[in-house]
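This briefing sets out selected features of one protein chain. The sequence and the structure are shown first, and the notes follow by topic.

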Amino acid sequence: MVKKKIQVLFAAFEAAPFFKTGGLGEVAGSLPAALKKEGAEVRLVLPKAAALPEQFAAKLRHVADFKVPVGWRWQYCGIEELKYKYITYYFLDNEYYFKRDGLYGYGDEAERMAFFAKALLESIQYLPDFQPDIIHCNDWHTALAPVFLREQYMSSPEYAKIKTVFSVHNLKYQGRFGGYLLGDLLGLNSGAALSQLIHDDDLNFMCGALCYSDRLLTVSPSYADEICTPSFGEGLDAVFRRRRDRLRGILNGIDYKVYNPEKDKNLPAAFSAADLSGKAVCKADLQRRLGLPENPDAPLLVLISRLTEQKGLDLLLHILQELLQTQPDVQLAALGLGDERYEHDFGWFSNNFPQQVAYRREFDDNLAHNYYAAGDLLLMPSRFEPCGLAQMIAMRYGTLPLVRECGGLKDSVSPYNRFTGEGTGFSFANYNAHELLFTLQNALELYRGQPKAWRKLMLQAMQQDFSWQRSAKEYAAVYKELLAE
């Protein structure tokens with residue numbers, strides 16, 4: 001008898017290569033393929049956003065269309081199917097909600113996400129060859145699906161046995177709206193829904209998922225511990241503590257086909273742990289492109305980030321002038337968009353220290369690959385970091401991360417031990433600007449004074465396994481445990 005594969009409907013609001021704005025898109029674009037190799041039958045459900053490239057839109061196959069109840073409203077939904085790289089994708093079509101210039105940031109966000117959650121549940125009835133055992137939801141955009149499933153669908157045989165998994169990628173964004181929407185928009189007026197969706201007088205989509213889902217996941221073990229505390233719980237720490245036995249952290253991975261210095265077509269030269277010569281070529285090329293002095297011995301620090309408070313940029317900007325003035329050979333290449341104040345500050349340093357600082361106010365994926373390949377040190381002094389991918393990518397390219405010990409940074413970067421030579425980067429514990437400066441000074445001292453130790457550290461970093469296959473084994477174990485209950 002052939003053992004039935006676990007069937008997982010993976011729900012997200014973005015996924016590479018179709019459209020992405022950050023880490024969620026990276027995860028949703030890579031994890032399903034790794035799960036498939038672990039024996040799960042995984043299919044993705046996404047909105048049919050206007051950003052879907054024409055090369056994919058032209059290949060969509062219409063599966064079905066139906067009406068979706070959203071409170072007292074009935075809205076059209078179409079299912080468009082795409083098979084891409086052995087994975088089946090379902091794009092839910094509604095131009096009123098999804099045909100917009102951006103993925104997020106609209107005044108009717110609550111209604112858009114309520115529609116998406118309800119539509120993905122309704123769509124299950126119209127998938128002719130797929131009956132999910134598990135719906136795996138991601139972040140607040142899909143958080144209402146476990147709520148609707150338990151409150152409105154459990155009486156139907158095709159829904160009664162479905163289990164739900166909810167992954168928190170970034171707790172800061174919870175989907176908080178006026179409480180009056182509970183009945184008007186969601187059609188949920190029961191005492192249970194009221195007590196589990198209303199938090200601090202707001203309708204809180206994520207809180208609903210945390211209360212209703214069968215399993216809770218987040219993207220690193222340390223972050224799973226941190227969010228149970230008031231310091232990192234963003235007001236939901238009591239909910240996490242109450243459900244701690246259902247909460248688990250699984251460290252994210254990166255796509256080793258996309259991030260591979262031996263085969264990366266974005267780079268001017270390939271390199272590997274066996275032959276690092278191409279990395280020097282990449283460094284010289286980036287220095288030329290950015291107008292920095294072409295000096296192979298100058299320590300090149302790179303910052304590739306959304307420019308937000310979360311990323312610890314206040315610490316870096318506080319000590320940056322002191323660093324540049326006391327260490328005139330140091331170079332900083334920064335890349336990213338975000339808060340206007342940070343864009344202004346990096347622009348100021350670029351204008352006033354043009355021989356040391358280059359800032360590109362954009363996010364260009366091709367250029368990001370060149371930063372990873374060219375850098376000596378990646379700066380990531382985050383205030384909090386659920387997982388972080390940049391430090392893993394940097395290590396893959398032999399660029400040593402300098403991080404604050406929090407969340408996934410703590411789980412993925414082993415600090416350099418000057419007595420044993422062990423480690424894969426540098427770290428500091430407290431959210432303090434001069435602790436960052438001292439750690440950076442120590443790293444620069446090693447770079448200049450002990451090139452053999454630095455090279456050994458680079459090779460140790462490049463040999464780490466951050467592939468999705470490692471993570472997928474843990475996800476598959478969670479699915480099996482859940483279905484065995």
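**Briefing on the chain**

Asp201 is exposed, at a relative accessible area of 69%; exposed means over 50%, buried under 20% and partly exposed in between, with a 1.4 Å probe and protein chains only. The model is a predicted one, in which local features need pLDDT of at least 70 and side-chain atom pairs count only at pLDDT 80 or more, while totals for chains, interfaces and linings use all residues. Residues are numbered from 1 along each chain as its sequence is written, and side-chain values use heavy atoms, with hydrogens and water left out.

**Overall form**

- The chain contains 20 helices and 18 strands; these are DSSP runs numbered from the N terminus, helices being H or I of at least four residues and strands E of at least two.
- The chain is as compact as a globular protein of its length, because its radius of gyration of 23 Å is close to the 23 Å that the globule rule gives for 485 residues. The radius is taken over C-alpha atoms, and the rule is 2.2 Å times the number of residues to the power 0.38.
- The C-alpha trace spans about 70 × 50 × 40 Å along its principal axes.
- Of the 485 residues in the chain, 60% are buried.
- Among contacts in the chain with a separation of 6 or more, 73% join residues 24 or more positions apart; a contact means heavy atoms within 4.5 Å.

**Surface and charge**

- The chain has an accessible surface of about 19800 Å², and carbon and sulfur atoms contribute 50% of that surface. Areas come from the Shrake-Rupley method with a 1.4 Å probe, and for residues only the protein chains shown count as cover.
- There are 54 positive and 59 negative side chains, and the centres of the two sets are 6 Å apart. Lys and Arg count as positive and Asp and Glu as negative, without His or the chain ends; each charge is placed at NZ of Lys, CZ of Arg, CG of Asp or CD of Glu.

**Helix α19**

- Helix α19 (residues 451-462) has 12 residues and extends 16 Å from its first C-alpha to its last, close to the 16 Å expected at 1.5 Å a residue. The expected span is 1.5 Å times one less than the number of residues.
- Buried residues of α19 include Trp454, Leu457, Met458 and Met462.
- The cover over the buried residues of α19 includes helices α12 (277-290), α16 (390-396) and α18 (433-449), together with strands β16 (377-380), β17 (400-404) and β18 (426-428).

- Thr218 belongs to strand β11 (residues 215-218) and counts as buried, because its relative accessibility is 0%. Beyond neighbours within four places in sequence, its contacts include Val168, Tyr223, Arg248 and Ile250.
- Gly208 is part of helix α9 (residues 205-212) and is buried, with a relative accessible area of 0%. Beyond neighbours within four places in sequence, Gly208 contacts Val147, Gln196 and Leu197. Gly208 and Ala145 are 63 residues apart in sequence, with their C-alpha atoms 9.3 Å apart in space.

**Backbone exceptions**

- Most residues other than glycine have a negative phi, and most peptide bonds are trans.
- The peptide bond from Ala16 to Pro17 is cis, with omega near 5 degrees; Pro17 lies in the loop between β1 (7-11) and α1 (23-37).
- Lys85 is exposed, with a relative accessible area of 63%.
- Asp201 occupies the loop between β9 (198-199) and β10 (202-204). Although Asp201 is not a glycine, its phi is positive, at about 70 degrees.
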